[in-house]
Amino acid sequence: MFKSASNSSLQAIDVIYNSGLRLAIGAFRSSPIVSIYNKAGEYLPEIKRTDLALKYMARLARVNRSSLTKESTKIHQELKANDITTSQIITREPMIYPPWLAHYAINTELTSFLKSQTPPSIFRSHFLSILEQYKDYQKVYTDASKSHDEVGFSIIFQNRNILFKLPRTCSIFSAELADQQAKIATLNEEVPIFPTLTYDDIKTLIDQMSNNKWLRIWKHQTTKLNTIKSSTNRWTNSSLKRKEEIVLNRMRIGHTRITHGYLMAKEEAPICDVCGVRLTVKHIISECLKYEQDRQRIGIDTLLDTALGPETEDNIKMLDFLKSTNLFNSI
Ligand SMILES: [Zn+2]
């Protein structure tokens, strides 16, 4: 678990990671790190490390093992704080004999009918005729199902029904696993909860935790990108050339060569030669008198979050505007 490494080692790794992402999206050197991570659609390193450690713990629990380091105790506490206990995970049991040696008599006649093209009545009559061949056998029906907010499974014997609810976060796959068959009638309040989850269910919960953590941090930032993009979802620039993607990413982050190159050159901040105010991406797109005609002709939206938003139509307009004003190569 590299989360347990010393802070100085982690910082050294972070520097490389930050640079890698910055180069990948072509962000300008002065760009805020949080904006780079948001635009790249990645978690901040600390969230990513915790996310990986949480999933590692869940994987250990799946094979019935645990780690008792200081770091793992913290991770377990974090899981617990989010109502996740790894002891709920269905463990993987090693097979005690080679599965290919087992011989099960399985009747697959019904699979020859396509479910989408066969009325239930046809299935029922075929099923009854198959049952005729197994008169002396005991019947057991099983199924699992998931409704909007409930998951459950049941096993029906001749004289006995077993019904269980599963934790809300269970996937239908867990329901099938926990039961491997049944017919869910109704899941009323008296139905007991079967305390079981699969690793994939826990993984989904951990993903939600990490997403929420990142979103909370993002919402408290005050970068220029925050004014355009309120989510941490990845925006894709469809079918654009790399240079165009880089230009758009820099415009959105608000750090471009023309507006922030002075930091690298150790010069004064640039001033607009027409309006006499500090030159910024916002000024160019929504205020500058020099570009007013071009903006109107191309139809650049007056709202910054729309003009630089994720819609392809707005992206094309923006690139058109930057090219026709010769700003494109200065970004
Ligand atoms: Zn201006």
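Let's start with the sheet: three strands line up in the order β1-β2-β3, paired in the antiparallel sense, and the sheet is open. Here strands are DSSP runs of E with at least two residues, helices are runs of H or I with at least four, and both are numbered from the N terminus. Two strands pair if DSSP finds at least two bridges between them. The strands at the edges are β1 and β3 (161-166), and each of them pairs on one side only. From one strand to the next, the twist averages 10 degrees.

A quick word on what you're looking at: this is a predicted model, where local features need pLDDT of at least 70, side-chain atom pairs count only at pLDDT 80 or more, and totals for chains, interfaces and linings use all residues. Residues are numbered from 1 along each chain as its sequence is written.

Now go strand by strand. β1 (residues 141-146) and β2 (residues 151-156) are antiparallel partners over six bridges, and a hairpin of four residues joins β1 to β2. Tyrosine 141 has isoleucine 156 of β2 as its bridge partner. On to β3: β2 and β3 also pair in the antiparallel sense, over six bridges. There, isoleucine 156 stands opposite asparagine 161 in β3.

Next, the helices. The axes of α3 (45-62) and α7 (residues 199-219) come within 10 Å and cross at roughly 165 degrees. Axes are lines fitted to C-alpha atoms, for helices over the stretch in contact, and angles run from 0 to 180 degrees between N-to-C directions. Angles over 145 degrees count as roughly antiparallel, under 35 as roughly parallel, 65 to 115 as roughly perpendicular and the rest as oblique. So α3 and α7 are roughly antiparallel to each other. Among the residues that meet are Ile47, Leu54 and Ala58 in α3, with Ile202, Ile206 and Trp214 in α7.

Finally, find leucine 44, in the loop between α2 (33-40) and α3. Is leucine 44 buried or exposed? Leucine 44 counts as buried because it has 21 C-beta neighbours inside 10 Å; the cut-off for buried is 20 or more other C-beta atoms within 10 Å, while 12 or fewer is exposed and in between is partly exposed, with C-beta atoms placed from the backbone. Leaving out residues up to four places away in sequence, leucine 44 touches Tyr37, Trp214 and Ile217, where contact needs C-beta atoms, placed from the backbone, within 7 Å. The C-alpha atoms of leucine 44 and lysine 146 are separated by 34 Å.

How values were computed
Two residues are in contact if their C-beta atoms, placed from the backbone, lie within 7 Å.
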